[in-house]
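Hi,

Here is the structure I said I would pass on. Have a look, and my notes follow below.

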Amino acid sequence: MSRLKPAEPHGVDLLRRVTYRTGRRMYGRDIEPSGILAHHRPLLFGVGVASLAFERHSKAVDEHLKHLAMLRTSQLAGCEWCLDFGSYLAQQEGASAEQLRELSTWRDSERFDSLERLVLEYAEAMTRTPVDVPDELFDRLREHFDERQIVELTMAIGLENLYSRSNWALGIEGQGFSEGMYCVVPEEHDERAAAA
């Protein structure tokens, strides 16, 4: 149960109504993070525009690679909603359940090719606190991606950090998108394990 209830549309309230209708049309249900964000309409609009632009106009990087990077980011942040939704999307884009099971141990797994490993390494470097993307890692990205692709991949990981950290703080839980599929679990963090 999230810490806040989703905002209800009031009167005409076109922005919220369109946002909710779009979620239902695309995924068959209301998208809880959108409902929570709808408490602040200007932010709902801004995040919505960025998300829509990313979704509709970011096709330079293979979707499978972006979804693996974003899912690893969610796993590190521990966002249940993002892991649920991300597991669903990653499997829709060709990630195998076996890859998802081994996502937290990708360095030791044989299920990831060299390009997938590079993308996962970049996602981890961008997601850890403090962020640490060494020149050597960036140079390896340049060997496989052009400038547009690097920007797109970077924004995918950056947006997922925004989504995951915000959703986690707001207590937004999974909505069952990956029901019947394998769903990635959060990575154990020392501070969480110590608190348990």
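Let's start with Gln99: leaving aside neighbours within four places in sequence, Gln99 is in contact (heavy atoms within 4.5 Å) with His64, Leu68, Arg111, Phe112 and Glu116. Gln99 sits in helix H6, residues 97–101 (helices are DSSP runs of H or I, at least four residues, numbered from the N terminus). At 6% relative accessibility Gln99 counts as buried, where buried means under 20% relative accessible area, exposed over 50% and partly exposed in between, with a 1.4 Å probe and protein chains only.

Before going on, a word on the source: this is a predicted model, where local features need pLDDT of at least 70, side-chain atom pairs count only at pLDDT 80 or more, and totals for chains, interfaces and linings use all residues. Residues are numbered from 1 along each chain as its sequence is written, and side-chain values use heavy atoms, with hydrogens and water left out.

Next, Arg72. Arg72 belongs to helix H4, residues 63–77, and is buried at 2% relative accessibility. Apart from neighbours within four places in sequence, Arg72 is in contact with Leu103, Ser104, Trp106, Leu120, Glu124, Arg128 and Glu187.

On to Val18, in helix H1, residues 14–27. Val18 counts as partly exposed, at 36% relative accessibility.

And the cysteines? Cys79 is buried at 1% relative accessibility, and Cys82 is buried too, at 5%. Searching the whole structure turns up zero disulfides (pairs of cysteine sulfur atoms within 2.5 Å).

Cheers

Key: Helix = DSSP H or I, 4+ residues; strand = E, 2+ residues; numbered from the N terminus.
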